[in-house]
Amino acid sequence: MSLNIDKIREQFPILKSEIYGKPLAYFDNAATTHKPQRVINRVNEVYETINSNIHRGVHYLSNQATLAYEEARNKTQAFINAKNSYEVIFTSGATAAINLLANSFGDTYINEGDEILISTMEHHSNIVPWQMMCKRKKAILKVIPINNDGDLVLEEFEKLLSPKTKLVAVTCVSNALGTVNPYEEIIVKAHANNSLVMLDASQAVQHLKVDVQELDTDFLVFSGHKIYGPTGTGVFYGKEKFLNEMEPWQGGGEMIKTVTFEETSYNELPFKFEAGTPNIAGAIGLGEAIDFVSELGVENIAAYEEDLLQYATDKFNTIDGMRIIGTAQKKASVISFLVKDIHPFDMGTMLDKMGLAVRTGHHCAQPIMAFYKIPGTLRASFAVYNTKEEIDRLVEGISKIAALFG
Ligand code: PLP
């Protein structure tokens with residue numbers, strides 16, 4: 001089904017903005033997407049009509065808020081096709097989800113000398129929590145290399161798998177390069193090695209169909225705000241068996257069954273991993289965002305964005321002095337680039353004055369920048385509301401600046 005992009009754009013109030021007198025063209029969607037009116041309304045509605053703390057209340061509002069929160073969990077379960085809704089843990093984002101896993105997994109399964117395998121193209125939030133855990137548990141962090149195109153070197157991945165590899169934690173899609181990794185293959189090979197797998201789907205769920213049962217991934221994380229949902233929301237998925245075995249990360253209210261000063265017994269799933277009052281309105285807003293995406297159809301979004309990416313890549317390649325960083329076989333929605341010797345910050349600032357919002361810098365992926373021996377890039381990342389006309393404006397803006405710099 002082809003999408004009616006004009007109709008979709010109408011649902012995003014911020015897209016009507018003018019920046020320095022120019023219509024906004026927003027290409028920073030890998031950092032965060034904008035929110036459709038229905039998500040904004042849903043969050044407001046929670047505060048206006050059912051605001052209350054959840055799970056512990058006997059009164060009407062608390063029950064309504066609990067129902068809405070748990071409904072959001074059910075929607076998330078259906079969206080990623082988890083077997084059980086209690087395998088979906090709400091967090092404040094992908095970062096919190098990875099920290100949760102690194103701590104709980106580390107405390108439960110990791111001994112001195114064990115290995116965790118990540119890749120060169122991870123976001124810092126899928127590097128640093130593992131480094132911290134490895135330091136604490138005297139474990140070893142190993143890294144799958146990439147090649148010049150920005151693809152993982154799979155032969156090296158296979159060589160790095162060892163009897164000590166307890167977990168392979170990789171991103172589905174690189175936020176800095178746009179590479180779509182062969183995560184299906186990675187899971188099969190890791191499992192054959194008796195290693196578990198965590199997928200960072202922060203740049204995937206908004207662009208590609210992700211089915212945790214079909215993939216057979218053991219863990220998966222993503223952020224709500226990159227999939228048209230509110231900031232401060234995210235998802236940690238884990239297979240029931242491991243969630244039951246793992247120690248909780250954070251202690252506090254909600255995650256307990258009984259507490260004495262001598263001993264505490266933990267609550268059942270998913271509450272064992274949701275200590276304290278969660279972002280109730282945010283999670284409900286995320287449920288609404290998931291409805292928005294599901295109604296459009298992730299496959300339809302993927303087809304539309306693939307066309308946009310191809311169009312933009314072809315146009316970018318006509319610009320004098322253009323260097324696209326990351327030319328993997330399979331990419332999703334991201335073009336990282338440099339033009340001539342122009343500093344990304346200078347170009348980004350000048351594009352901003354034209355109403356063109358791109359991101360500049362290392363994109364929280366400094367090891368990638370070190371690999372390419374560059375300080376950073378400009379990054380244009382696309383969402384379902386971007387258009388070819390906006391890409392034309394971006395290409396024109398980049399070309400003008402490139403010409404200015406001679
Ligand atoms: N993983 C990837 C691949 C990302 O792109 C990001 C954010 O850009 C994160 C993790 C961290 O997400 P958050 O800051 O929402 O926790």
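Accessible areas here come from the Shrake-Rupley method with a 1.4 Å probe.

**Figure 1. Overall view of the predicted protein chain.** The accessible surface of this predicted model comes to about 17100 Å², and carbon and sulfur atoms hold 52% of that area. The chain contains 14 helices and 17 strands. Its radius of gyration is 22 Å, close to the 22 Å given by the globule rule for 406 residues, so the chain is as compact as a globular protein of that length. The C-alpha trace spans about 70 × 55 × 35 Å along its principal axes. Of the 406 residues, 57% are buried. Among contacts with a separation of 6 or more, 71% are between residues 24 or more positions apart.

**Figure 2. The largest nonpolar core, with 106 residues.** Tyr 228, Phe 316 and Ile 398 have the most contacts inside this core. Helix α10, residues 280–296, gives the most to the core, with 10 residues. At least three residues come from each of domain 1 (5–30 + 297–404) and domain 2 (40–295). Another core, of 28 residues, lies apart from the largest one and includes Ile 98, Ile 110, Ile 116 and Met 246. In soluble globular proteins, nonpolar side chains tend to be buried together.

**Figure 3. Helix α7, residues 183–192, and its buried residues.** Tyr 183, Ile 186, Ile 187 and Ala 190 are buried in this helix. Seen down the axis of α7, the buried residues fall within an arc of 100°, so they line one face of the helix. Val 188 and Ala 192, on the other side of α7, are exposed. The packing partners of the buried residues are α6 (154–160), β7 (165–171), β8 (196–200) and α8 (212–215). Asn 194 follows α7 and has a positive phi, near 65°.

Figure 4. With a relative accessible area of 35%, Asp 216 is partly exposed. At 1% relative accessibility, Tyr 228 counts as buried. Tyr 228 is also one of the residues with the most contacts inside the largest nonpolar core.

**Figure 5. The cis peptide bond between Leu 269 and Pro 270.** Omega of this bond is about 0°. Pro 270 is found in the loop that runs between β12 (264–266) and α10.

Technical notes:
Residues numbered from 1 in each chain as written. Predicted model: local features only at pLDDT ≥ 70, side-chain atom pairs only at ≥ 80, totals over all residues. Heavy atoms only, no water. Core = buried A, V, L, I, M, F, W, Y, C linked by side-chain atoms within 4.5 Å. Buried < 20%, exposed > 50% of the residue type's maximum accessible area, 1.4 Å probe, protein only. Helix = DSSP H or I, 4+ residues; strand = E, 2+ residues; numbered from the N terminus. Domains from an automatic or database assignment. Rg over C-alpha atoms; globule rule 2.2 N^0.38 Å. Contact = heavy atoms within 4.5 Å. Arc of directions from axis to C-beta.
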